[in-house]
Amino acid sequence: MTTWHWVRHGPTHAKSFVGWRDVPADLSDRDQIARLRAHLPSDAVLVSSDLARARDTAHALQATSHHRLPHDPHLREMHFGIWDGMHFDDVAARDPDLSRNFWENPGHVTAPGGESWNDAAARVHGAVARISNAYPGRDIIAVAHFGVILTQLQHALQISAYETLSHKIDNFSVTKINRTCKNDPVPYINHLP
């Protein structure tokens with residue numbers, strides 16, 4: 001069985017949209033990182049988004065027995081276009097109808113200069129399929145982002161994007177998805193070791 005252990009990167013403490021903008025993660029909670037490392041399978045394949053907050057978190061979690069793959073830009077957070085770096089209130093003031101529709105009807109609605117939920121999901125699904133096919137039956141640790149993890153949760157649970165957005169995904173949490181198991185596709189969501 002191919003099992004993905006989706007880890008959300010360390011906190012950025014940003015109070016604005018953070019998509020493809022490269023901001024650092026706060027990795028000062030060494031105890032949390034140690035608990036997370038101990039929880040994850042030691043012989044897994046390890047991959048991360050190519051953004052610094054995911055790369056650096058993956059580096060902090062990496063054990064010598066992990067098979068590290070190159071950073072993958074297809075595992076980046078959703079691209080928020082011109083909203084990236086803007087405070088949520090400023091986005092709502094600038095694009096009131098569009099921003100409300102973006103969250104209330106996720107799917108084809110696109111952030112200005114960015115991508116839609118469906119675009120991001122297709123990008124991530126392609127990377128997951130490629131990596132899963134290259135490492136069948138393995139545990140795969142993927143250090144990525146809130147939206148990326150949610151796209152995979154939606155796919156595994158076969159629920160709407162709107163329902164998926166109700167799930168909480170904390171920094172340093174693990175969401176386990178059994179890619180090839182129909183009986184128990186998601187053993188846990190947002191687990192904080």
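**View A. Arg76 and the ring of Trp20.** Arg76 sits over the face of Trp20, 4.9 Å from the ring centre. A charge counts as over a ring if NZ of Lys or CZ of Arg is within 6 Å of the ring centre and within 35 degrees of the ring normal. The model is predicted, so local features need pLDDT of at least 70 and side-chain atom pairs count only at pLDDT 80 or more, while totals for chains, interfaces and linings use all residues. Residues are numbered from 1 along each chain as its sequence is written, and side-chain values use heavy atoms, with hydrogens and water left out.

**View B. Aromatic pairs around Phe80.** The structure holds nine aromatic pairs (rings of Phe, Tyr and Trp, the last by its six-membered ring, with centres within 6.5 Å; planes under 30 degrees apart are stacked, over 60 edge-to-face, the rest tilted). Phe17 and Phe80 form an edge-to-face pair, because their ring centres are 4.9 Å apart and their planes lie at 70°. This pair links distant parts of the chain, 63 residues apart: Phe17 is in the loop between strand 1 (3-8) and helix 1 (30-39), and Phe80 is in the loop between strand 3 (67-68) and helix 3 (88-94). Helices (H or I, at least four residues) and strands (E, at least two) are DSSP runs, numbered from the N terminus. Phe80 also pairs with Trp103, in a tilted arrangement with 6.3 Å centre to centre and 50° between the planes. Trp103 belongs to helix 4 (residues 96-104), so this pair ties together parts 23 residues apart in sequence. Phe80 is buried at 7% relative accessible area, whereas Trp103 is partly exposed at 34% (buried is under 20% relative accessible area, exposed over 50%, partly exposed in between; 1.4 Å probe, protein chains only). Ring pairs join Phe17, Phe80, Trp83, Phe88, Phe102 and Trp103 into a cluster.

**View C. The largest nonpolar core.** This core has 33 residues, of which Trp4, Trp6, Val47, Trp83 and Phe102 touch the most other members. A nonpolar core is a set of buried Ala, Val, Leu, Ile, Met, Phe, Trp, Tyr and Cys residues joined through side-chain atoms within 4.5 Å. At least two residues of the core come from each of strand 1, strand 2 (45-48), helix 5 (117-134), strand 4 (139-144) and helix 6 (146-157). Helix 5 gives the most, with seven residues.

**View D. Packing of helix 5 on helix 6.** The axes of helix 5 and helix 6 come within 9 Å and cross at roughly 80° (axes are lines fitted to C-alpha atoms, for helices over the stretch in contact, with angles from 0 to 180 degrees between N-to-C directions). Helix 5 is therefore roughly perpendicular to helix 6 (under 35 degrees is roughly parallel, over 145 roughly antiparallel, 65 to 115 roughly perpendicular, the rest oblique). Trp117, Ala121, Val124, His125 and Val128 of helix 5 meet residues of helix 6 including Gly147, Val148 and Leu150, where contact means heavy atoms within 4.5 Å.

**View E. Helix 2.** Helix 2 (residues 52-61) is largely enclosed by the rest of the structure, because seven of its 10 residues are buried. Among the buried residues are Ala52, Arg53 and Leu61. The cover includes strand 1, helix 1, strand 2, strand 3 and strand 4.

View F. Phe172 has phi near 65°, a positive value in a residue other than glycine, and lies in the loop between helix 7 (161-164) and strand 5 (174-178). Phe172 is buried, at 6% relative accessible area. Asn190, in strand 6 (residues 188-191), has a positive phi near 60° and is buried at 17%.
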